[in-house]
Amino acid sequence: MRKTLLFVPMLAVLPAFGGEVGLLLDKQVGKAQAASGALGTQKYDAVSPTGFGIRGGFDVLDLKVAALQVNATWHNKTTGDLTYGGTKYGELENQYWAAGAMVNWKLLVNVGAGVEYRSEKLSFRPTSGASTDSTLGRPWARVNVGFSIPTPVVSPFFLFEVAAPLTKKDTTSTRQDLTEALAPQVQIGVYGGIRF
């Protein structure tokens with residue numbers, strides 16, 4: 001009986017809050033790096049895999065034309081070939097989760113800007129030799145622009161999104177440093193879902 005009494009007031013408050021759930025399809029772009037090793041200095045090409053992520057957000061303040069949102073993202077594992085001089089040397093895997101905040105302006109065109117903390121799990125898998133795993137935590141900035149279709153219950157939306165880390169690592173003195181330096185430097189994608 002107590003659970004029922006607590007549940008009914010929660011239902012009355014629920015429609016006052018908004019949020020979103022969506023799917024992100026993206027391309028992550030890394031930066032070419034030079035590293036010294038047993039074979040001399042090697043210039044590794046940038047790794048640029050494609051992938052997808054799932055994001056959910058909750059509006060903590062909604063002014064109808066703008067909303068402050070907290071959100072979380074899980075991104076699947078992406079794999080890109082690590083090459084130098086046209087020869088495949090191995091693969092770089094990247095998977096992350098993120099939590100952040102964003103301001104969304106809901107005008108004729110939707111515009112959003114925000115920051116998030118990403119915990120990126122990186123794995124350097126050479127064609128021969130031991131693998132190197134690293135977890136890299138970095139703040140990222142995100143901006144997006146797009147449109148939504150207002151309907152009475154839920155509003156489908158489609159956005160073009162660009163994100164970049166606010167910190168970068170270019171040291172390549174160890175294999176772990178090289179793994180972290182090869183991490184994505186820009187993410188470009190399409191994000192779509194529903195707002196409620």
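Two residues are in contact when heavy atoms of theirs lie within 4.5 Å of each other. Keep that in mind while looking around this structure, which is a predicted model.

**Starting from Leu-92**

Let's begin at Leu-92, and leave aside residues up to four places away in sequence. Leu-92 then touches Val-47, Thr-78, Thr-79, Gly-80, Ser-123, Phe-124, Thr-179 and Leu-182. Leu-92 sits in strand S6, which covers residues 87-106. Is Leu-92 buried or exposed? Its relative accessible area is 5%, and buried means under 20%, so Leu-92 counts as buried. Asp-81 is worth a look too: Leu-92 and Asp-81 are eleven residues apart in sequence, with their C-alpha atoms 6.4 Å apart in space.

**The nonpolar cores**

Leu-92 also belongs to the largest nonpolar core, a group of nine residues. As a general point, nonpolar side chains in soluble globular proteins tend to be buried together.

**The barrel**

Now for the strands. Eight of them form a closed barrel with antiparallel pairing, in the order S1-S4-S5-S6-S7-S8-S9-S10. Neighbouring strands of this sheet are turned against each other by 25° on average, if direction is ignored. In general, strands of a sheet pair through backbone hydrogen bonds, either parallel or antiparallel.

| Strand pair | Residues | Bridges |
|---|---|---|
| S7 and S8 | S7: residues 110-126; S8: residues 132-148 | 15 bridges |
| S8 and S9 | S9: residues 155-165 | nine bridges |

You can follow the pairing residue by residue. Val-115 stands opposite Ala-141 in S8, and Ala-141 in turn stands opposite Ala-164 in S9. Trp-140 stands opposite Pro-165, also in S9.

What joins S8 to S9? That link is a hairpin, running through six residues. S7 and S8 make a hairpin as well, with five residues between the strands, and in this hairpin Gly-129 takes a positive phi near 105°.

Key:
Residues numbered from 1 in each chain as written. Predicted model: local features only at pLDDT ≥ 70, side-chain atom pairs only at ≥ 80, totals over all residues. Heavy atoms only, no water. Core = buried A, V, L, I, M, F, W, Y, C linked by side-chain atoms within 4.5 Å. Buried < 20%, exposed > 50% of the residue type's maximum accessible area, 1.4 Å probe, protein only. Helix = DSSP H or I, 4+ residues; strand = E, 2+ residues; numbered from the N terminus. Pairing = 2+ DSSP bridges. Axes fitted to C-alpha atoms, helices over the stretch in contact; angles between N-to-C directions.
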